[in-house]
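Here is a short briefing on a protein assembly. Look at the contacts between its chains, then at the fold of one of them.

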Amino acid sequence: MKGREVFDRIPEEVCRELETIVGSENITTDPNICMSNYGFGFGHEVYYLHGVTQAPGAIVMPQTTEEVAQIVRVCNRYGIPFHPYSSHCTSPSDPALVQNAVSLDLKRMTEWEIDQKNMYAIVESGVISAQMAAEANKRDLYYIVSGGGGLTGVLSNHLSCGWGHFNYRATPFSNRRINGLEWVSPEGEIYRMGSLANGDDDWYWGDGFGPDLIGFLKGLSGWWGGMGITTKMSVRLYPFQPDQFTPQGIGGRTTVALPPRVKYYNVTFPTKNALLKAIDEIGKTDIAHIVNIVPAFWRSMAKCAGIHDFRNEFFDGWDNVTEEEVANTHIGRFLLVGRTSLEQLEYEERVLMDIVAECDGTARKTPQRDEATFRYANTADMWMMTGCFGATEAGMESARCTKLQNEVFTDILYNYEHKHDFLDQKGEFPWYLMWDRGRQRYTENHVQPDARDMDPADPGGDKELMGRTLPWIVSTGPVMNLKTGCRGLFEGTVSPITGQGMAYHHYDEWLHRFKTEFDPKGLSGDFWPFANEKIVEGAPGVLTEEYREAMANAEKGPWLGNPE
Amino acid sequence: MTVETMTLQGQLAKIVGKNNVMDSPEVIASYGRDHSIERPRAFTCVVRPGTAAETQKIIQLANELKFAVIPQSSGIHFNGNAIPKEGGVVLDLSGMNRITEIIEQSMAAHVQVGVTWEQLQMALEAKGLRCIIPLLPHASRSAIMDCLERERPVIQNYEASGPLRSLQIIWGNGELFVSGSASTGTFRQEGNLADGVYASGPGPMSYDSFFYGAQGTIGTVIWGVLSLEEIPTLSKAFFIPSNKLEHIIEPLYTILRRGVANECLVINNTSLATIFTEHWPEQFAKVKAALPPWIVIFISSALKRRPEEKIAYQEKFVRELASMKGLELLTTLPGLPAVERKLPEMLRKPWPKDKIYWKHAYKGGCQDIEFMTTLDRVEKFMPTVAEVAASHYYPVDDIGCYIQPVEDGHACQLQFSFYYDPTDTAETERIRHLYADAAAALLNQGAYFTEPYHMVAGMVYRKQGEYTALLRRFKKHFDPSGIMSPGNLCF
Amino acid sequence: MAVEEKQFSLGLNLDDYWYEARHCDGQNHCRWIDLNYVTGFDFAWRCPPWQKEGFTVYGAAGKCHLVDHLLKGQLDYTDPALRDIVYECMLCGGCDAGCKRNMDYEIQLMLESLRARLVGKGNGPMPQHVPITNNIENNRNYYGLDQRHRQDWVPQDVKVTAGADTLFFAGCRASFVDNEIAVATARILNAANADFMMMNDEPCCGHFVFITGQVEKARKIAEDNLKAIRETGARTVVFSCAEGYKAVKVDYPKLLGLSTADLGFEVKHITELVSEWVSEGKLKLVNPINMKLTYHDPCNLGRLAEPWIPWEGTRSTNFSRLTPPREMRRGIYGIYEPPRDILKTIPGIELVEMVRHHESAWPSGHDGGVKEAFPDLASWTATERLREAASIGAEAIVSCCPGCKEIFTENSKDGMKVYDITELIATAIGK
């Protein structure tokens with residue numbers, strides 16, 4: 001066993017069995033190691049700082065699906081909770097909610113293979129998105145690095161979020177981008193889904209024999225470790241163009257230079273409506289690979305050179321940006337790809353410029369390099385501004401719905417009496433991306449408080465701020481979603497499922513049924529995906545009256561879901 | 001008469017009205033058979049609800065009384081899955097055929113399950129839109145059901161294979177549900193601007209995924225949101241003929257990869273001739289003889305903006321490719337006058353209702369066997385099917401074959417068609433045996449049957465015991481009484 | 001708003017890094033190289049102990065959480081298991097550079113302070129470090145050899161000029177073990193007509209003592225050595241050893257509360273001078289060396305070599321901004337180009353770049369006391385680097401540090417040649 005052997009948390013006989021499975025170098029009960037193993041990811045401010053997540057009692061590092069299944073069976077035999085993680089990076093990466101669980105660190109599972117012709121990659125849990133993106137690019141393919149960034153696990157990201165800038169032409173429903181997988185059920189059975197169930201070499205297609213079971217493991221979000229462990233997966237890659245990106249630059253401003261058949265355009269429009277109209281018009285064409293609006297404060301972040309600390313540099317810049325400037329700056333960012341040929345790129349550029357002209361836009365001089373899209377995505381700078389990345393809601397739906405969501409959020413934030421608790425966004429329109437070739441839009445609404453203020457253990461933190469911010473973060477998103485219809489993504493991570501299920505046909509009951517079916521002892525990922533219920537238990541005030549009322553009213557209807 | 005003494009028909013009539021419960025022998029005979037080799041079956045009655053509420057009550061009653069419920073959403077079925085296998089009640093949903101809304105800005109249509117391709121296509125055409133449609137489907141087929149039965153669209157680029165988004169569902173346990181972004185409780189209330197264009201969720205599961213390929217065993221769909229496409233302003237059809245399939249697979253990968261094809265399919269002369277023969281039977285042989293054994297058909301399309309320029313760069317690419325690979329690139333086909341003008345239009349619509357369905361035009365019946373594979377594996381299945389056909393004295397030359405690439409060539413559906421005379425009992429029986437043997441041989445070779453119909457279901461589920469056991473664990477929650485289409489899949 | 005924190009300074013007090021420890025949210029930029037430079041599945045890691053051992057505590061993100069728990073009293077500084085974890089790290093600065101790509105956390109300083117804290121609590125350094133420390137204290141060199149023979153390496157024909165403006169500080173390794181480096185450097189200086197002197201009793205720079213967390217001893221060495229250097233009157237101190245270079249340029253000021261600019265002399269690596277001389281025409285690299293080689297960035301010359309800038313201040317109530325703003329040392333302005341420029345000038349050399357280079361360079365495995373206390377990790381790290389060199393078709397790997405050269409030489413199999421850049425320069429100028 002690695003490190004100090006301690007058996008006051010998990011019985012020695014369990015540890016010895018686990019050691020037999022993974023080898024002595026790949027298991028530890030050392031508190032120095034275990035206690036350093038949690039508190040990562042987006043949930044840091046909510047779960048870790050508030051004591052919701054717990055240190056594991058043991059960490060094991062399996063290397064094969066069979067080892068994972070054996071570990072799970074041992075845990076079942078002894079009634080010990082377990083939870084997996086792979087990249088240990090974004091989202092609630094270490095979701096142990098009870099003491100003395102077994103953490104399965106899947107980083108040793110790093111097998112990978114790419115079928116270039118049929119455009120898919122087979123990966124195990126330890127492979128990250130940046131690696132996959134790089135390998136795909138070598139093969140005239142691209143991989144969708146999600147908003148969580150290139151550091152996220154390929155496999156885990158497909159089961160949790162699985163969307164990013166590149167979802168303009170590849171479905172954002174990441175379960176539909178999964179061709180096959182190996183799943184260790186919460187009781188330790190190994191199942192194969194997708195075409196992999198048909199044979200060992202059949203990793204190419206995700207439909208089931210009849211019903212598609214991959215959809216069980218991924219909906220709008222995922223089970224966050226609460227439904228067993230997926231160890232191996234085949235994911236789709238997408239046709240791109242044959243030339244490589246060239247990395248360049250140093251330090252905080254590294255970028256990739258775009259190859260000749262890939263080109264970015266930053267275009268300024270006179271009004272927001274003109275920008276949105278241009279985006280709508282692009283959606284009616286068949287051009288473009290990325291279409292988005294980058295919020296102003298993210299643009300300010302990108303300008304920080306890093307000679308001094310980023311945070312001061314950011315605020316030195318952002319503090320001098322006026323609301324008027326923000327209100328009058330409307331920049332769209334568009335990526336064109338000459339997938340067929342350079343002639344295609346030229347054609348698409350002409351079409352884009354036609355639209356720009358019609359909408360009174362002006363194409364700005366655009367550096368043909370990119371810092372984030374192809375590798376880093378959000379993670380490049382998201383914690384930089386205040387130390388806390390607090391997404392209130394993210395969602396996707398139609399153009400009109402998403403626009404409304406953004407307007408509602410902007411308005412709520414602008415008129416919030418305690419808005420100075422957060423980074424002043426100056427009335428800025430939140431993230432806005434176009435997906436599914438114009439059929440959907442995606443948005444993320446962020447608030448960023450000071451990380452110190454969110455920390456109950458920080459004697460210098462502002463307890464009152466934390467006291468009112470948590471309810472704001474947890475309750476505002478779901479209420480907005482019901483007002484606008486925009487489908488939120490943070491059930492289970494930011495907001496509790498159980499409290500919202502009633503507004504969505506009581507889907508939480510289905511989750512409970514299947515959780516009971518497949519994890520009768522409740523050992524897989526402890527309470528996930530019901531982790532937020534733990535927060536609510538400890539702090540019932542986080543669910544505001546407005547929230548409760550909105551849910552209850554939604555349940556009553558009338559709604560299209562009600563039988564006529 | 002008390003409820004207890006009322007007949008089942010009586011109880012159903014209380015829900016839907018007595019005119020919507022039918023059990024005459026003619027009705028039973030009609031609903032108890034379809035165009036497949038599945039044997040006709042008898043059952044209790046047909047019930048036709050008009051609303052989701054009525055449908056829900058029927059299913060709830062079924063749970064109480066334990067009778068089987070077999071949903072049908074149109075009168076046209078080709079695979080036997082809508083025939084009651086264990087008696088019960090056919091739930092005819094064809095009357096729920098309202099196109100609730102066409103939302104142009106979201107390129108989506110909100111339709112009930114009984115809406116047919118023909119109905120939908122006509123409504124869309126008026127707005128310059130089109131369905132994402134399989135190859136010449138029967139006009140009276142339900143659009144939603146064809147999506148759920150994974151009829152692969154001819155538009156093969158982008159993510160077109162998944163045009164269905166939010167669904168309203170009644171599970172086999174009688175609970176109402178909405179999947180996807182329309183699940184919001186305030187959907188269609190004032191202020192809620194959602195269009196239901198997002199398929200997954202709510203929460204950690206994609207509930208819609210259980211309905212794909214389910215053959216009515218999980219529940220029933222009431223309405224769905226379908227993603228649409230615009231009708232192109234300009235299209236140009238290209239044809240690559242070949243004597244050998246192996247010569248066109250590699251170039252096809254390139255064509256798909258480089259994104260120059262909107263609609264794209266590979267078809268053999270038999271199947272193509274069944275589509276283009278106007279005068280049966282005399283013209284068929286001549287049409288077929290004029291065609292090459294294999295044809296890649298793809299359509300380059302452009303929308304409103306600079307359409308000629310788009311077609312130009314795509315054509316330039318394919319011409320260069322053809323030249324490099326030594327392929328013949330045609331813009332028409334010998335023996336099919338003006339096919340290049342007709343085909344793009346045809347591929348965007350269902351088969352005309354006033355003509356015998358193309359699959360039945362040759363001999364009256366057609367049994368397809370289809371499965372998923374990858375383009376580079378397609379060839380290995382050809383000799384297998386030929387051998388099995390020959391062993392059943394089926395003329396190899398009569399076998400139809402159609403390869404539908406999916407999503408830029410990620411995979412493909414391979415379909416073999418066996419034409420036969422359904423009025424000839426002996427021939428039908430021979431086709432039944434041929435089908436079984438072909439399915440078994442193909443399964444052994446790695447064919448991936450995502451829609452296991454007929455006896456294929458038994459073969460697949462016996463072979464994949466673990467998967468079968470897992471499916472059953474889900475089924476017992478969605479349909480605890482086992483009332484939904486028993487006898488289909490592994491249930 | 002948070003209340004203003006009390007003043008703190010950038011130094012080696014672990015308590016001052018509570019913000020880093022508490023607010024690391026585990027993004028893992030400390031684990032992977034700059035993602036824009038990732039070329040595929042291989043060679044994407046930046047942290048050897050984390051990659052080899054696997055458990056998160058071996059990486060900086062895990063260490064942040066470790067420190068958080070230590071500062072809260074939830075873990076025991078005197079736990080021997082803790083010591084092993086803390087010292088199984090090269091302090092290569094890779095994690096610091098990775099994190100600082102996007103954030104302002106002082107990870108390297110936190111890790112240095114962690115070692116200092118353990119030593120302060122009597123739980124460090126590693127037992128294997130003790131005899132070497134004794135050597136340095138008692139014999140003034142790493143090896144415990146007779147210091148009177150320290151300059152036996154100086155060839156007869158090398159001109160050493162007492163009182164010159166430039167002091168050549170050869171270092172323990174080049175003086176006692178790998179004389180070629182010292183000899184080559186001396187010849188290069190002569191060839192450029194750059195008069196240089198040497199100290200009569202050149203001491204150990206003390207890098208080993210500092211890097212193993214023995215801060216008080218290191219501070220004493222720094223004080224004494226700085227005094228001795230100043231007494232020579234040198235205006236420039238030149239090193240061919242990256243460790244010595246960094247020790248004097250960065251760690252002495254850090255230990256003594258100065259800035260690099262306050263030292264009173266310039267600290268240069270020989271490659272900085274040679275690069276200038278070549279571009280000025282003072283040195284001509286004319287003899288061809290026909291070889292395809294790759295350059296390994298030593299941590300102590302690259303990302304850890306930026307001048308030390310003291311800072312004292314607080315975190316304000318305004319989103320915890322540092323007040324005053326802190327000029328950051330992100331590792332991007334280390335000495336990266338001069339060695340490359342030199343190699344590109346030598347005729348016959350084909351210089352190819354490994355995947356992990358500049359501030360994302362993989363360490364050699366030599367430093368941090370790891371070679372002494374965790375030889376398997378050190379050897380594995382070096383082997384990985386050699387594998388990376390081989391993967392791009394290099395015949396040889398070149399570095400600017402005797403320590404790197406030593407460990408690469410020990411682990412080189414399959415014919416990969418290992419050089420110090422001074423040897424190649426000396427060959428190219430015909431010395």
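This is a predicted model: local features need pLDDT of at least 70, side-chain atom pairs count only at pLDDT 80 or more; totals for chains, interfaces and linings use all residues.

Residues are numbered from 1 along each chain as its sequence is written, chains are lettered from A and ligands numbered from 1 in the order in which they are written, and side-chain values use heavy atoms, with hydrogens and water left out.

**Chain A with chain B**

- Contact (heavy atoms within 4.5 Å) links 109 residues of chain A to 114 residues of chain B.
- The two chains bury about 9500 Å² between them, with 52% of it on carbon and sulfur atoms. Buried area is the accessible area (1.4 Å probe) that two parts lose on being put together, summed over both.
- On the chain A side, A:Phe209, A:Arg439 and A:Trp510 lose the most area to chain B. Together they make up 9% of what that side buries.
- There are 23 salt bridges between chain A and chain B. A salt bridge puts a side-chain nitrogen of Lys or Arg within 4 Å of a carboxyl oxygen of Asp or Glu.
- One of these salt bridges joins B:Asp195 to A:Arg400, with the closest N and O atoms 2.4 Å apart.
- Helix H11 (residues 342–358) of chain A gives the largest share of the side that touches chain B, eight residues. Helices (H or I, at least four residues) and strands (E, at least two) are DSSP runs, numbered from the N terminus.
- That side of chain A divides into 47 nonpolar, 28 polar and 34 charged residues. Ala, Val, Leu, Ile, Met, Phe, Trp, Tyr, Cys and Pro count as nonpolar, Asp, Glu, Lys and Arg as charged, and the others, Gly among them, as polar.

**Chain C with chain A**

- Here 65 residues of chain C are in contact with 88 residues of chain A.
- Chain C and chain A bury about 6400 Å² between them, 55% of it on carbon and sulfur atoms.
- In chain C, C:Phe41, C:Phe55 and C:Phe319 lose the most area to chain A, together 14% of what that side buries.
- The count of salt bridges between chain C and chain A is five. A:Asp455 forms a salt bridge with C:Arg22, and their closest N and O atoms are 2.6 Å apart.
- Residue pairs in polar contact (both at pLDDT 80 or more) number 34 between chain C and chain A.
- Four helices of chain C each give two or more residues to the side touching chain A: H1 (18–23), H2 (48–53), H3 (60–71) and H4 (80–87). The largest share, six residues, comes from H3(C).
- By class, this side of chain C has 30 nonpolar, 16 polar and 19 charged residues.

**The fold of chain B**

- Chain B has 15 helices and 17 strands.
- The C-alpha trace of chain B spans about 80 × 60 × 45 Å along its principal axes.
- Of the 491 residues of chain B, 68% count as buried. Buried means under 20% relative accessible area, exposed over 50%, partly exposed in between (1.4 Å probe, protein chains only).
- Eight of the eight residues of helix H7 (residues 269–276) of chain B are buried, so this helix is largely enclosed by the rest of the structure. Among them are B:Leu272, B:Ile275 and B:Phe276.

Methods
A polar contact is a pair of N or O atoms within 3.5 Å; within protein, one must be able to donate a hydrogen and the other to accept it, and residues adjacent in sequence count only if both atoms are side-chain atoms.
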